[in-house]
Amino acid sequence: MAGHSKWANIQHRKKAQDAKRGKLFTRLIREVMVAAKGGSDLSANPSLRGAVEKAKSQSVPKDAIDRAVKRGAGELDGADYEEIRYEGYGPAGIAIIVDCLTDNRNRTVSDVRHAFSKAGGNLGQDGSVAFMFSSLGVLTYAPGRDEDAILEAALDAGAEDVVTEEDGLIEVLTAPADYMRVKQAMIDASLEPDDSELTMRAASNTELDIIEGEKVMRLIDALEELDDVQEVFSNAEFPEHLMS
(Lines give C-alpha, C1' and ligand atoms only; values in the text may rest on other atoms or scores of the structure.)
Protein backbone atom coordinates (compact mmCIF):
# COMPACT_ATOMS: atom_id res chain seq x y z
CA MET A 1 0.00 0.00 0.00
CA ALA A 2 3.02 2.31 -0.10
CA GLY A 3 1.98 5.60 -1.66
CA HIS A 4 -1.65 4.49 -1.81
CA SER A 5 -4.41 5.80 0.46
CA LYS A 6 -7.66 3.85 0.61
CA TRP A 7 -9.35 6.81 2.31
CA ALA A 8 -8.30 9.08 -0.59
CA ASN A 9 -9.70 6.48 -2.99
CA ILE A 10 -13.07 6.47 -1.20
CA GLN A 11 -13.25 10.27 -1.12
CA HIS A 12 -12.41 10.43 -4.83
CA ARG A 13 -15.22 8.01 -5.62
CA LYS A 14 -17.72 9.98 -3.51
CA LYS A 15 -16.78 13.23 -5.27
CA ALA A 16 -17.28 11.52 -8.63
CA GLN A 17 -20.71 10.31 -7.49
CA ASP A 18 -21.67 13.79 -6.33
CA ALA A 19 -20.73 15.18 -9.76
CA LYS A 20 -23.14 12.70 -11.37
CA ARG A 21 -25.90 12.94 -8.77
CA GLY A 22 -28.76 12.95 -11.28
CA LYS A 23 -27.55 9.72 -12.85
CA LEU A 24 -26.84 8.29 -9.41
CA PHE A 25 -30.48 8.86 -8.42
CA THR A 26 -31.63 6.94 -11.49
CA ARG A 27 -29.36 4.01 -10.67
CA LEU A 28 -30.47 3.87 -7.06
CA ILE A 29 -34.14 3.94 -8.06
CA ARG A 30 -33.58 1.05 -10.47
CA GLU A 31 -31.81 -0.88 -7.74
CA VAL A 32 -34.81 -0.42 -5.44
CA MET A 33 -37.17 -1.56 -8.20
CA VAL A 34 -35.27 -4.78 -8.86
CA ALA A 35 -34.90 -5.56 -5.15
CA ALA A 36 -38.66 -5.04 -4.67
CA LYS A 37 -39.37 -7.96 -7.01
CA GLY A 38 -38.70 -10.10 -3.94
CA GLY A 39 -41.55 -8.37 -2.10
CA SER A 40 -42.31 -4.87 -0.88
CA ASP A 41 -42.02 -5.67 2.85
CA LEU A 42 -38.66 -4.26 3.99
CA SER A 43 -38.60 -6.42 7.12
CA ALA A 44 -38.90 -9.60 5.04
CA ASN A 45 -36.70 -8.51 2.12
CA PRO A 46 -33.11 -7.70 3.19
CA SER A 47 -32.08 -6.80 -0.38
CA LEU A 48 -34.83 -4.21 -0.58
CA ARG A 49 -34.02 -2.85 2.86
CA GLY A 50 -30.41 -2.37 1.80
CA ALA A 51 -31.36 -0.74 -1.50
CA VAL A 52 -33.77 1.65 0.23
CA GLU A 53 -31.18 2.57 2.85
CA LYS A 54 -28.59 3.20 0.13
CA ALA A 55 -31.03 5.47 -1.74
CA LYS A 56 -31.90 7.38 1.42
CA SER A 57 -28.21 7.87 2.24
CA GLN A 58 -27.82 9.67 -1.09
CA SER A 59 -30.87 11.89 -0.41
CA VAL A 60 -33.16 10.28 -2.96
CA PRO A 61 -36.66 11.69 -2.21
CA LYS A 62 -38.93 9.40 -0.17
CA ASP A 63 -41.80 9.56 -2.67
CA ALA A 64 -39.46 8.46 -5.48
CA ILE A 65 -38.31 5.50 -3.36
CA ASP A 66 -41.90 4.56 -2.52
CA ARG A 67 -42.91 4.61 -6.20
CA ALA A 68 -39.89 2.47 -7.10
CA VAL A 69 -40.87 -0.10 -4.47
CA LYS A 70 -44.42 -0.28 -5.82
CA ARG A 71 -43.24 -0.55 -9.43
CA GLY A 72 -40.81 -3.32 -8.58
CA ALA A 73 -43.44 -5.21 -6.61
CA GLY A 74 -45.88 -4.95 -9.53
CA GLU A 75 -48.22 -2.52 -7.80
CA LEU A 76 -47.58 0.18 -10.43
CA ASP A 77 -46.81 -0.02 -14.15
CA GLY A 78 -43.23 0.59 -15.25
CA ALA A 79 -40.26 -0.77 -17.15
CA ASP A 80 -39.16 -4.28 -16.18
CA TYR A 81 -35.44 -4.25 -15.39
CA GLU A 82 -33.23 -7.30 -15.03
CA GLU A 83 -29.79 -7.73 -13.52
CA ILE A 84 -26.90 -8.65 -15.82
CA ARG A 85 -23.21 -8.99 -14.98
CA TYR A 86 -20.42 -8.58 -17.53
CA GLU A 87 -16.76 -9.46 -17.01
CA GLY A 88 -13.66 -8.39 -18.87
CA TYR A 89 -10.11 -7.13 -18.87
CA GLY A 90 -8.93 -3.55 -19.13
CA PRO A 91 -5.52 -2.06 -19.89
CA ALA A 92 -2.61 -3.68 -18.00
CA GLY A 93 -4.71 -6.83 -17.64
CA ILE A 94 -6.92 -5.32 -14.95
CA ALA A 95 -9.93 -7.52 -14.11
CA ILE A 96 -13.26 -5.69 -14.28
CA ILE A 97 -16.80 -6.65 -13.30
CA VAL A 98 -19.71 -4.54 -14.59
CA ASP A 99 -23.12 -4.90 -12.93
CA CYS A 100 -26.05 -3.63 -14.97
CA LEU A 101 -29.81 -3.19 -14.71
CA THR A 102 -31.45 -3.11 -18.11
CA ASP A 103 -34.69 -3.41 -20.02
CA ASN A 104 -32.78 -4.16 -23.26
CA ARG A 105 -29.98 -6.76 -23.13
CA ASN A 106 -28.82 -6.13 -26.72
CA ARG A 107 -28.35 -2.41 -26.14
CA THR A 108 -26.49 -2.95 -22.88
CA VAL A 109 -24.01 -5.57 -24.10
CA SER A 110 -23.30 -3.48 -27.19
CA ASP A 111 -22.57 -0.38 -25.09
CA VAL A 112 -20.39 -2.28 -22.61
CA ARG A 113 -18.42 -4.05 -25.35
CA HIS A 114 -17.81 -0.74 -27.13
CA ALA A 115 -16.50 0.88 -23.93
CA PHE A 116 -14.05 -1.97 -23.37
CA SER A 117 -12.84 -1.99 -26.98
CA LYS A 118 -12.40 1.77 -27.18
CA ALA A 119 -10.22 1.75 -24.04
CA GLY A 120 -7.99 -1.10 -25.18
CA GLY A 121 -9.71 -3.78 -23.12
CA ASN A 122 -11.92 -6.70 -24.03
CA LEU A 123 -15.19 -8.15 -22.82
CA GLY A 124 -14.77 -11.70 -21.52
CA GLN A 125 -17.00 -14.69 -20.97
CA ASP A 126 -19.04 -15.34 -17.84
CA GLY A 127 -16.69 -16.45 -15.07
CA SER A 128 -13.56 -15.11 -16.75
CA VAL A 129 -12.71 -12.80 -13.80
CA ALA A 130 -15.46 -13.35 -11.21
CA PHE A 131 -13.41 -16.07 -9.50
CA MET A 132 -10.95 -13.36 -8.42
CA PHE A 133 -13.63 -11.49 -6.46
CA SER A 134 -15.82 -12.14 -3.44
CA SER A 135 -18.95 -10.40 -2.18
CA LEU A 136 -18.79 -8.70 1.20
CA GLY A 137 -20.15 -5.87 3.29
CA VAL A 138 -17.72 -3.10 4.22
CA LEU A 139 -18.16 -0.50 6.95
CA THR A 140 -15.52 2.21 6.61
CA TYR A 141 -14.19 4.47 9.37
CA ALA A 142 -12.02 7.48 8.59
CA PRO A 143 -8.48 7.74 9.97
CA GLY A 144 -8.57 8.93 13.56
CA ARG A 145 -11.61 6.96 14.73
CA ASP A 146 -11.32 4.84 17.89
CA GLU A 147 -9.81 1.59 16.61
CA ASP A 148 -10.18 -0.37 19.88
CA ALA A 149 -13.86 0.56 20.29
CA ILE A 150 -14.62 -0.31 16.65
CA LEU A 151 -12.80 -3.65 16.91
CA GLU A 152 -14.61 -4.68 20.08
CA ALA A 153 -18.07 -3.65 18.86
CA ALA A 154 -17.60 -5.19 15.41
CA LEU A 155 -16.52 -8.57 16.71
CA ASP A 156 -19.37 -8.58 19.23
CA ALA A 157 -21.76 -7.84 16.36
CA GLY A 158 -20.52 -10.82 14.33
CA ALA A 159 -18.24 -9.12 11.79
CA GLU A 160 -15.84 -11.40 9.93
CA ASP A 161 -12.79 -9.14 10.28
CA VAL A 162 -11.55 -5.67 11.15
CA VAL A 163 -8.66 -4.28 9.11
CA THR A 164 -6.62 -1.12 9.72
CA GLU A 165 -4.81 0.24 6.67
CA GLU A 166 -1.51 2.11 6.58
CA ASP A 167 -3.31 5.44 6.15
CA GLY A 168 -5.34 4.84 9.34
CA LEU A 169 -8.53 3.80 7.55
CA ILE A 170 -10.47 1.14 9.46
CA GLU A 171 -12.66 -1.38 7.64
CA VAL A 172 -15.18 -3.71 9.24
CA LEU A 173 -15.80 -6.66 6.91
CA THR A 174 -18.97 -8.77 6.99
CA ALA A 175 -20.62 -11.57 5.09
CA PRO A 176 -23.28 -10.08 2.75
CA ALA A 177 -26.10 -11.66 4.75
CA ASP A 178 -24.80 -10.07 7.98
CA TYR A 179 -24.15 -6.59 6.56
CA MET A 180 -27.35 -4.83 7.66
CA ARG A 181 -27.35 -6.45 11.10
CA VAL A 182 -23.71 -5.57 11.82
CA LYS A 183 -24.15 -2.03 10.53
CA GLN A 184 -27.16 -1.46 12.78
CA ALA A 185 -25.26 -2.88 15.74
CA MET A 186 -22.40 -0.45 15.12
CA ILE A 187 -24.84 2.46 14.87
CA ASP A 188 -26.49 1.35 18.12
CA ALA A 189 -23.03 1.38 19.72
CA SER A 190 -22.60 5.03 18.64
CA LEU A 191 -20.06 3.96 16.01
CA GLU A 192 -21.82 4.90 12.79
CA PRO A 193 -19.49 4.29 9.82
CA ASP A 194 -18.31 7.15 7.61
CA ASP A 195 -19.09 5.03 4.57
CA SER A 196 -20.65 1.62 4.01
CA GLU A 197 -21.56 -0.65 1.12
CA LEU A 198 -22.12 -4.12 -0.20
CA THR A 199 -19.39 -4.65 -2.75
CA MET A 200 -17.23 -7.04 -4.76
CA ARG A 201 -13.59 -7.09 -3.75
CA ALA A 202 -10.66 -8.81 -5.44
CA ALA A 203 -8.51 -11.23 -3.44
CA SER A 204 -5.47 -9.19 -4.52
CA ASN A 205 -5.02 -5.94 -6.42
CA THR A 206 -2.70 -4.94 -9.25
CA GLU A 207 -0.68 -1.78 -8.56
CA LEU A 208 -0.66 0.62 -11.50
CA ASP A 209 1.68 3.42 -12.48
CA ILE A 210 0.27 6.79 -13.52
CA ILE A 211 0.05 6.03 -17.24
CA GLU A 212 -1.63 2.65 -16.72
CA GLY A 213 -3.84 4.11 -14.01
CA GLU A 214 -5.09 6.87 -16.31
CA LYS A 215 -5.98 4.34 -19.00
CA VAL A 216 -7.89 2.10 -16.60
CA MET A 217 -9.63 5.08 -15.00
CA ARG A 218 -10.81 6.26 -18.43
CA LEU A 219 -12.34 2.84 -19.06
CA ILE A 220 -14.06 2.76 -15.67
CA ASP A 221 -15.36 6.31 -16.18
CA ALA A 222 -16.70 5.34 -19.63
CA LEU A 223 -18.47 2.30 -18.19
CA GLU A 224 -19.95 4.29 -15.31
CA GLU A 225 -21.30 6.85 -17.80
CA LEU A 226 -23.48 4.19 -19.44
CA ASP A 227 -27.13 4.49 -18.44
CA ASP A 228 -27.55 0.76 -17.77
CA VAL A 229 -24.44 0.35 -15.59
CA GLN A 230 -25.01 0.25 -11.84
CA GLU A 231 -21.59 -0.64 -10.43
CA VAL A 232 -18.06 -1.24 -11.72
CA PHE A 233 -15.56 -3.29 -9.71
CA SER A 234 -11.89 -3.88 -10.51
CA ASN A 235 -8.66 -5.15 -9.01
CA ALA A 236 -6.85 -1.93 -9.89
CA GLU A 237 -4.81 -0.12 -7.27
CA PHE A 238 -4.44 3.46 -8.45
CA PRO A 239 -1.58 5.83 -7.59
CA GLU A 240 -2.63 8.38 -5.00
CA HIS A 241 -1.78 11.10 -7.54
CA LEU A 242 -4.90 10.11 -9.52
CA MET A 243 -7.13 10.26 -6.44
CA SER A 244 -6.66 13.99 -5.87
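User: Is Arg67 buried, exposed or partly exposed, and how do I read that?
Analyst: Buried means under 20% relative accessible area, exposed over 50%, and partly exposed in between, with a 1.4 Å probe and protein chains only. Arg67 has 38% relative accessibility, so Arg67 counts as partly exposed. Note that this is a predicted model, where local features need pLDDT of at least 70, side-chain atom pairs count only at pLDDT 80 or more, and totals for chains, interfaces and linings use all residues. Residues are numbered from 1 along each chain as its sequence is written, and side-chain values use heavy atoms, with hydrogens and water left out.

User: Which residue forms a salt bridge with Arg67?
Analyst: A salt bridge is a side-chain nitrogen of Lys or Arg within 4 Å of a carboxyl oxygen of Asp or Glu. Here the partner is Asp63, with the closest N and O atoms 3.6 Å apart. Asp63 is partly exposed, at 44% relative accessible area.

User: Where do Asp63 and Arg67 lie?
Analyst: Helices (H or I, at least four residues) and strands (E, at least two) are DSSP runs, numbered from the N terminus. Both residues sit in helix H4 (residues 62-72), 4 residues apart, so about one helical turn separates them.

User: How many salt bridges does the whole structure have?
Analyst: The search finds 13. One of them joins the side chains of Glu53 and Lys183, at 2.8 Å from N to O. Glu53 is in helix H3 (residues 46-57) and Lys183 in helix H7 (residues 179-188), so the pair ties together parts 130 residues apart in sequence. Lys183 is buried at 12%, while Glu53 is partly exposed at 25%.

User: Which residue meets Lys54 in a salt bridge?
Analyst: Glu231, again at 2.8 Å from N to O. This pair links distant parts of the chain: Lys54 in helix H3 and Glu231 in strand E9 (residues 229-234), 177 residues apart.

User: What is the volume of the second largest pocket?
Analyst: About 180 Å³. On a 1 Å grid over the protein atoms alone, a pocket is an open set of points where a 1.4 Å probe fits, with protein on both sides within 12 Å along at least five of seven lines; lining residues have an atom within 4 Å of a point. The volume is the space filled by probe spheres set on the points.

User: Which elements give two or more residues to the lining of the second largest pocket?
Analyst: Helix H5 (105-118) and helix H8 (210-225). The lining residues include Asp111, His114, Lys215 and Arg218.
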